[in-house]
Amino acid sequence: MALDPVVYDWIVFVHIFGVFVFLIAHGVSSGVGFRLAKERNRERVAALLEFSGSSYRVMILGFWWILITGFVLGYAGDWWTMRWFWAAIVTLVVLAGLVTPLAAKPYNRVRAIVGLRAPLRRKPSQPRRPTPMRT
């Protein structure tokens, strides 16, 4: 499909913008992860996890924005037969499918301990009895 070059450039721009949105929101969770490993105060742990959870929806929005605009660019550029196009999509989906549960499980366990809900759950977990933190 042939698109006007200006329209095509705008689609590329919004695709790259989606990458920046995803990376900025993901950076929040990464930064919290580094700080959380050193934190021993229960209230501060809860605040850090709330901060991380607040960026989760933006991160997911960025992910879907990248995926959707990538398919639009694939259609507009007629890249369906290119191996690199499919390799990029498969890599993105496989990495997201593997890394998300690996990161979510430990965070969600700590969230349950301090009585917070997981970012996409409706009601909070019941707080668990505090366990002494190792130093």
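Four helices, α1 (5–36), α2 (42–54), α3 (56–76) and α4 (83–114), each supply at least two residues of the lining of the largest pocket. The structure is a predicted model.

**The pocket**

The volume of the largest pocket is about 650 Å³. Its lining has 25 residues, and H26, Y56, M59, T100 and A103 are those that lie nearest the centre. Which helix gives the largest share of the lining? That helix is α4, with 11 residues. By class, the lining of the largest pocket holds 15 nonpolar, 8 polar and 2 charged residues.

**The packing of α1 and α3**

Two packed helices are described by the angle between their axes and the distance between the axes. For α1 and α3 the angle is about 155 degrees, and the axes lie 8 Å apart. Angles over 145 degrees count as roughly antiparallel, so α1 is roughly antiparallel to α3. The crossing of these two helices is left-handed.

On the α1 side, the contact is made by Y8, I11, V12, V14, H15, G18, V19, V21, F22, A25, H26 and S29. On the α3 side, the residues are V58, M59, G62, F63, W65, I66, T69, G70, V72, L73 and A76. The table gives the classes of the residues in this contact.

| Class in the contact of α1 with α3 | Number of residues |
|---|---|
| Nonpolar | 16 residues |
| Polar | 7 residues |
| Charged | no residues |

H26 of α1 and M59 of α3 take part in this contact, and H26 and M59 are also among the residues nearest the centre of the largest pocket.

Note on methods
Residues are numbered from 1 along each chain as its sequence is written. This is a predicted model: local features need pLDDT of at least 70, side-chain atom pairs count only at pLDDT 80 or more; totals for chains, interfaces and linings use all residues. Side-chain values use heavy atoms; hydrogens and water are left out. On a 1 Å grid over the protein atoms alone, a cavity is a set of points where a 1.4 Å probe fits but cannot get out, and a pocket is an open set with protein on both sides within 12 Å along at least five of seven lines; lining residues have an atom within 4 Å of a point. Grid points are joined across faces, edges and corners, and a volume is the space filled by probe spheres set on the points. Ala, Val, Leu, Ile, Met, Phe, Trp, Tyr, Cys and Pro count as nonpolar, Asp, Glu, Lys and Arg as charged, and the others, Gly among them, as polar. Axes are lines fitted to C-alpha atoms, for helices over the stretch in contact, and angles run from 0 to 180 degrees between N-to-C directions. Angles under 35 degrees count as roughly parallel, over 145 as roughly antiparallel, 65 to 115 as roughly perpendicular and the rest as oblique. A crossing is left-handed if the near helix is turned anticlockwise from the far one by less than a right angle, and right-handed if clockwise. Contact means heavy atoms within 4.5 Å.
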